[in-house]
Amino acid sequence: MTIETTSQAGARVRGGRIGVLKVPDWSVVVARQTGALPAGGEQGSPGAIVHALRVVACDAEARADGVRVGMRVRDAQGASPMLALAPADPVGEALAFERVVRAVLAVVPTAQPIGDGALAFRMRGASRFYGSESRAIEAVRGALAPLGLTAAFGVADDRFSAELAAGAGAETIVPPGRSREFLSSLPVGVLGDDELPSMLHRLGVHTLGGFAQLPDASVRDRFGEAGLVALARARGLDDRRVDDSGLGEERVLRLAFEPGIEGVHELALAVREPVERFVRQLAEQRLVCSEIRIVMRGEEGRVSERLWRQPGFLRAGDIVDRMRWQLGESDLGSALVEVQALPERLDADVEHMPGLWGGGDIDDRTKHALERLQGMLGREAVLTARPGGGRLLAERGVLTPWGDAPAPQAAGPWPGALPPPRPAVVFRPPLPVRLLDAAGESVDAAALDERQGSPAAFSPPASARRRVVAWAGPWPIRRRELGDVVHRVQILDGEGEAWVLLHADGSWLAEGRYA
């Protein structure tokens, strides 16, 4: 990369325009989202983030009361008696910013987090695709809307100017070749180095424009190489570009195989060491993976993709097992040539540390036993249950193989669903039964609805016929997969057992039995 070193007003850094997105008061935004600070609003209480008894971030309401970054906590509370405080959480902020990165990468090809709720991206490709820099910014702004975030944007020839432009307003686009002019009136304090601005002030230099006019040799002699870097930025010649080459690389595992892999045991041997290294890299950042997406590609191009998760977090052995299971269950039709492991959810490691007296989401011995059973009997042999939504009993409890992410459940309400208490035994799928009238003929639900008939006998699955002591219903349920209208009936048989029956397409099915 080459840089024009001329100090003329029209100087530009070669390499393309840069855009910067900045979510104002990012630390406070995250604290409000996580509940560490009360929710804000038009009448919301001012909020601040503190570390070592100093304010490290605050919102606009706090600033309006006179709170400033660097202020002692007691002074800040004196200036703003209603000030809400939360401890600094840099790991949580970094994890939360992953969502912003993903959203931006959905509309622009490259992006790089630069800290403090800010992200830089290249404008050349984005402006060409969307037609202009303003339209590219609107696309990024739209990508942030589902996250409930608002951001300020800056565009300039260099990253330093773009960062300052993002802090100047909702959207500031510095025309090409005008970065130095844009910077000239700004105070030298924006350089960020406390020592350098204070020395410049003593020399009578108060703006970036005045600093930019100083000779290179004089700046080098007085301030060294760091001074030359600051001088280049003051002239609009910041040489920092958007570096996406390492974006997420430490958090994405990509493995290619030549020749391709045919069996699950061969795959386990090939991936174990890279997976262990991958998990160690996350641990060094104090992160653990609790949800991972595994993508496999066969030699002929067929792809298998699945989302995995389990209670607690995934260790190296857990990830290797899920790769084995996915390869064994997938139909790639050819040898495996590529596998990717993409963490979908990263948590701070402290969230999964055991308490002083042990404990946690699940006991390690229990987890080991479940995984051992799964390894011996197959993935589908060990299931976990969670509440679900639906009208049928089988839909009210969702069974998922241990380690799989449960399928998303549609929101209710569910008219026609059986109210509690529900049967203790649910048949999956419902079992065929017979419900007969006094003449020994099959009862029709429509006749029951019109009170033209009454059930007299019932034949449970694999049992002798029993008499019907009492019954209630029918209640219609609209279910296309079981017929246009399904009717539900409850009966009590002569053995004292209560049943829930379904009538669909002229047949009776046992949906559940009360214990």
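How exposed is arginine 293, and what relative accessibility does it have? At 22% relative accessibility, arginine 293 counts as partly exposed. On this scale, buried means under 20% relative accessible area, exposed means over 50%, and partly exposed is in between (1.4 Å probe, protein chains only).

A quick word on what you're looking at. This is a predicted model, where local features need pLDDT of at least 70 and side-chain atom pairs count only at pLDDT 80 or more, while totals for chains, interfaces and linings use all residues. Residues are numbered from 1 along each chain as its sequence is written, and side-chain values use heavy atoms, with hydrogens and water left out.

**The whole chain**

The protein chain has 16 helices and 20 strands. Those are DSSP runs numbered from the N terminus: helices are H or I with at least four residues, strands are E with at least two. Of the chain's 515 residues, 42% count as buried. The chain exposes about 26800 Å², and carbon and sulfur atoms supply 52% of that. Accessible areas here come from the Shrake-Rupley method with a 1.4 Å probe, and for residues only the protein chains shown count as cover.

Take the contacts with a separation of 6 or more: residues 24 or more positions apart account for 56% of them. A contact means heavy atoms within 4.5 Å.

**Salt bridges**

Back to arginine 293, which forms a salt bridge with glutamate 305. The term means a side-chain nitrogen of Lys or Arg within 4 Å of a carboxyl oxygen of Asp or Glu. By that rule the count comes to 20. Here are some of the pairs:

| Pair | N to O distance |
|---|---|
| Aspartate 59 and arginine 32 | 2.6 Å |
| Arginine 72 and aspartate 75 | 3.0 Å |
| Arginine 293 and glutamate 305 | 3.2 Å |

Arginine 293 lies in strand β10 (residues 287-298) and glutamate 305 in strand β11 (residues 303-314), so the pair ties together parts that are 12 residues apart in sequence. Glutamate 305 is partly exposed, at 48%.

The pair of aspartate 59 and arginine 32 links distant parts of the chain, 27 residues apart. Aspartate 59 sits in the loop between β3 (54-58) and α2 (60-64), and arginine 32 in helix α1 (residues 26-34). Aspartate 59 is buried, with a relative accessible area of 5%, and arginine 32 counts as buried too, at 18%.

With the remaining pair in the table, arginine 72 is partly exposed at 35%, and aspartate 75 is partly exposed at 34%. There's also a network of salt bridges that links Arg17, Glu133 and Asp157.

**Out on the surface**

Patches are made of residues with over 30% relative accessible area and no salt bridge; like charges are joined within 9 Å, and nonpolar side chains (Val, Leu, Ile, Met, Phe, Trp, Tyr) within 5 Å. For charges, Lys and Arg count as positive and Asp and Glu as negative, with His and the chain ends not counted. A charge's place is taken as NZ of Lys, CZ of Arg, CG of Asp or CD of Glu.

Glu258, Glu262, Glu266, Glu299 and Glu300 form a negative patch. Glutamate 258 is in strand β9 (residues 253-261) and counts as exposed at 78% relative accessibility.

A nonpolar patch comes from Leu373, Met376 and Leu377, with about 330 Å² of accessible area together. Methionine 376 belongs to helix α14 (residues 364-377) and is exposed, at 59%.

Lastly, proline 146 is found in the loop between α6 (133-144) and β7 (152-156), and counts as exposed at 70%. Proline 146 and alanine 103 are 43 residues apart in sequence and 9.1 Å apart in space, C-alpha to C-alpha.
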